[in-house]
Amino acid sequence: MAVFAVFYTYTDNSAGRDEVRPAHRAFLTELAEKGVNLVSGPLAGGPRDGALLLFRAASAEEALAHTEQDPFRLEGLVAGVRVEEWKPVNGPLAGTFDVAS
């Protein structure tokens, strides 16, 4: 298993996010309890609202598939999703995943 950084870019519908946020967080908590969601939270101070989710997955496709039932995505509150493999080499996650370099 590897670690994948999933970046969300939100739509401008902040009121919609406020309404759906409890279901979104419950969904991510379920993924955390399954060991998939390592950590997640909103990005702050950027040009556009978004979030970073670190997922344990076998591939970028699998990491993306984990987001398909996210209430934020189902309700059209996510304008874009980007997935990149992330290789932790220092800190608490270092050494716990396959890192080749």
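Trainee: Which residue does Y8 stand opposite in strand 3?

Mentor: Y8 stands opposite A51 in strand 3. The model is a predicted one, in which local features need pLDDT of at least 70 and side-chain atom pairs count only at pLDDT 80 or more, while totals for chains, interfaces and linings use all residues. Residues are numbered from 1 along each chain as its sequence is written, and side-chain values use heavy atoms, with hydrogens and water left out.

Trainee: What makes a stretch of the chain a strand or a helix?

Mentor: Both are DSSP runs, numbered from the N terminus: a strand is a run of E with at least two residues, and a helix is a run of H or I with at least four.

Trainee: How do you know that strand 1 and strand 3 are paired?

Mentor: Two strands pair if DSSP finds at least two bridges between them. Eight bridges join strand 1 to strand 3, so these two strands count as a pair. They run antiparallel. Among the bridges is that of V3, whose partner in strand 3 is R56.

Trainee: What joins strand 1 to strand 4, and strand 2 to strand 3?

Mentor: Strand 1 and strand 4 pair over eight bridges, in the antiparallel sense. Y8 has V81 as its bridge partner in strand 4. Strand 2 and strand 3 are joined by six bridges and run antiparallel. There, A51 of strand 3 is the bridge partner of P42.

Trainee: In what order do the four strands form the open sheet?

Mentor: The order is 2-3-1-4, with antiparallel pairing. Strand 2 and strand 4 (78–86) each have a single partner strand and therefore stand at the edges, with one side of each left without a neighbour in the sheet. From one strand to the next, the twist averages 20 degrees.

Trainee: Which strands does helix 1 touch as it packs on the sheet?

Mentor: Helix 1 touches strand 1, strand 2 and strand 3, and its direction makes about 160 degrees with that of strand 2. Helix 2 also packs on the sheet, touching strand 1, strand 3 and strand 4, at about 125 degrees to the direction of strand 3. Such angles lie between N-to-C directions and run from 0 to 180 degrees; the axes are lines fitted to C-alpha atoms, for helices over the stretch in contact.

Trainee: What is called a kink at V20?

Mentor: The bend at a residue is the angle between axes fitted to the seven residues ending there and the seven starting there. At V20 in helix 1 the kink is about 55 degrees, and it lies shortly before the proline P22. Just after helix 1, G35 takes a positive phi of about 85 degrees.

Trainee: What makes strand 1 largely enclosed?

Mentor: Seven of its nine residues are buried, so the rest of the structure largely encloses strand 1. Strand 3 is mostly covered, with six of its eight residues buried.

Trainee: What makes a group of residues a nonpolar core?

Mentor: A nonpolar core is a set of buried Ala, Val, Leu, Ile, Met, Phe, Trp, Tyr and Cys residues joined through side-chain atoms within 4.5 Å. The largest one has 18 residues, and Y8 and F55 have the most contacts inside it. Strand 1 (2–10), helix 1 (14–33) and strand 3 (50–57) are the elements that give two or more residues to this core. Strand 1 gives the most, with five residues.

Key. Buried < 20%, exposed > 50% of the residue type's maximum accessible area, 1.4 Å probe, protein only. Contact = heavy atoms within 4.5 Å.
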